Amino acid sequence: MPQREALSPLLPVAITTGEPAGIGPELTLMLAERGELPPHSVAVGDITLLAERAELLGLKVELAACQPGEPLPEGPSVLPVWPVALDTPSQPGVLNAANAAYVLATLAAAVHACQNGHAAAMTTAPLHKGVIIDGGYPTFTGHTEWLRDACGAEEVVMMLATDSALHAQVSGWQGPADLRVALLTTHLPLRAVADAVTPTRLVRISRILAADLTRQFGIAKPRIAVCGLNPHAGEDGHLGREELDIISPTLEALRAQGLDVRGPYPADTLFTPRHLAEVDAVLAMYHDQGLAVLKYAGFGNAANMTLGLPLVRTSVDHGTALDLAGTGKASPASLAVAIRLARHLADQRAATCTTSHL
Ligand SMILES: NC(=O)C1=CN([C@@H]2O[C@H](COP(=O)(O)OP(=O)(O)OC[C@H]3O[C@@H](n4cnc5c(N)ncnc54)[C@H](O)[C@@H]3O)[C@@H](O)[C@H]2O)C=CC1
Ligand SMILES: NCC(=O)COP(=O)(O)O
């Protein structure tokens, strides 16, 4: 039996603390002070920054530096930290491109730990895409794409979900609707979206989504509703031809291969209770088509995850909120959901690996 998988529940979830000028550091500290981090959680970031932010906000957290592979320090209000040093001091709300490499170094440390059996999963606090680009990484577009490349994956899928849709066991979200929304395209200018709606991308994304809804969420035959790109799903070609020329024939081919992919549906009415009740996930064509609805339904109680990776990665449903950084007013609820989800998915993955070796 493989020791590493069998022991995964004891391995930590590595929480990258994100943009140092944003709310990520203080949200992590808030959860630690309240005792709301699951056992075996470790922050990845600059320990002086965390200490300064804790002092600023009067958060009573004992920061305990340790290294991947070492036992995690334990105790009430103890936050274990895998230290990664800032390149330059950071003030809340004030971006500095000199720290772009630092943010990416925290991600690299977490990925490395997952790959080397020192972490069970990673949860990412928000980073600021623009300042990373300004800091000398012109092709950077987000965690999702960076993780795809770091892990050598051909394709990955961004999916956000409201809490109970993540998994009934994870917590008790009682919001208006359960919603899982995956994206065909992620961080693209709107002008480039239509060109990115291709049969190849639709096939790859649909397959990953269906496979991970089964593998990670236990849905034997996932039902996926696919949005159209254009108003009224193109109005029979009068308002755009992507539905007729690309989406419909590709979905037809996927259905012939056994995938339950429905649509394309007009996106404005797909996100209504009667339609949502009939499917397990919605595949939106672009970022704001899907995420505006998801955030209306459950902002602060939803999480983001990357499907198709060889490791478990979850994240918050919000960004760096520079306007709130250093005030203590930002809610840590989504970070808590994301960490619990990472723990749950990692434990489940470990149990599956262990059982499959029996
Ligand atoms: N997972 C990640 O790393 C993500 C990063 N971002 C990045 O964050 C930066 C800022 O993005 P924006 O579009 O301004 O979105 P944002 O989520 O940072 O802020 C939008 C609004 O929501 C509020 N808000 C955000 N988080 C909150 C929280 N936890 N509690 C209470 N209120 C909260 C903010 O104060 C602001 O009014 C961008 O660079 C964006 O790319 C955005 C989404 C996810
Ligand atoms: N709106 C979601 C988002 O921007 C998250 O991006 P990523 O950094 O997780 O790829």
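In what follows, Ala, Val, Leu, Ile, Met, Phe, Trp, Tyr, Cys and Pro count as nonpolar, Asp, Glu, Lys and Arg as charged, and the others, Gly among them, as polar. This is a predicted model, in which local features need pLDDT of at least 70 and side-chain atom pairs count only at pLDDT 80 or more, while totals for chains, interfaces and linings use all residues. Residues are numbered from 1 along each chain as its sequence is written, and chains are lettered from A and ligands numbered from 1 in the order in which they are written.

We can start with the chain as a whole, which has 14 helices and 12 strands; here helices (H or I, at least four residues) and strands (E, at least two) are DSSP runs, numbered from the N terminus. The radius of gyration, taken over C-alpha atoms, is 20 Å, close to the 21 Å of the globule rule (2.2 Å times the number of residues to the power 0.38) for 358 residues, so the chain is as compact as a globular protein of that length. Its C-alpha trace spans about 60 × 50 × 40 Å along the principal axes. A residue is called buried if 20 or more other C-beta atoms lie within 10 Å of its own, exposed if 12 or fewer, and partly exposed in between, with C-beta atoms placed from the backbone; buried residues make up 50% of the 358 residues in the chain.

Strand 10 (residues 281-284) has both of its faces covered, for Ala-281 and Leu-283 on one side and Val-282 and Ala-284 on the other are all buried. In a regular strand the side chains alternate between the two faces of the sheet. Strands are said to pair if DSSP finds at least two bridges between them, and strand 10 pairs in the parallel sense with strand 7 (residues 180-183) over 3 bridges. Strand 8 (residues 223-227) also runs parallel to strand 10 and is joined to it by 3 bridges. Val-282 in strand 10 stands opposite Val-181, and Ala-225 stands opposite Val-282 as well.

Ile-247 lies in helix 10 (residues 242-256), and it counts as buried because it has 27 C-beta neighbours inside 10 Å. Two residues are in contact if their C-beta atoms, placed from the backbone, lie within 7 Å; setting aside residues up to four places away in sequence, Ile-247 touches Val-197, Leu-202, Val-226, Gly-228, Glu-242 and Pro-264. The C-alpha atoms of Ile-247 and Val-197 are separated by 7.9 Å, although these residues are 50 residues apart along the chain.

The UniProt record, an unreviewed entry, places the feature "binding site" at His-187, His-232 and His-287; feature names are shortened, positions follow the numbering used here, and annotations may be inferred rather than shown by experiment. His-187 is found in the loop between strand 7 and helix 8 (190-196), and it counts as partly exposed because it has 15 C-beta neighbours inside 10 Å. His-287 lies in helix 13 (residues 287-298). Leaving aside neighbours within four places in sequence, His-287 is in contact with Leu-183, Thr-186 and His-187.

Finally, we come to the ligands, where a residue is near a molecule if its C-beta atom, placed from the backbone, lies within 6 Å of it. Around ligand 2 are Gly-142, His-143, Thr-144, Leu-291, Asn-304 and Ser-315, a shell with 1 nonpolar, 5 polar and no charged residues. Ligand 1 is surrounded by 19 residues, of which the closest are Pro-126, His-318, Gly-319, Ala-321 and Ser-331, and its shell has 7 nonpolar, 10 polar and 2 charged residues.
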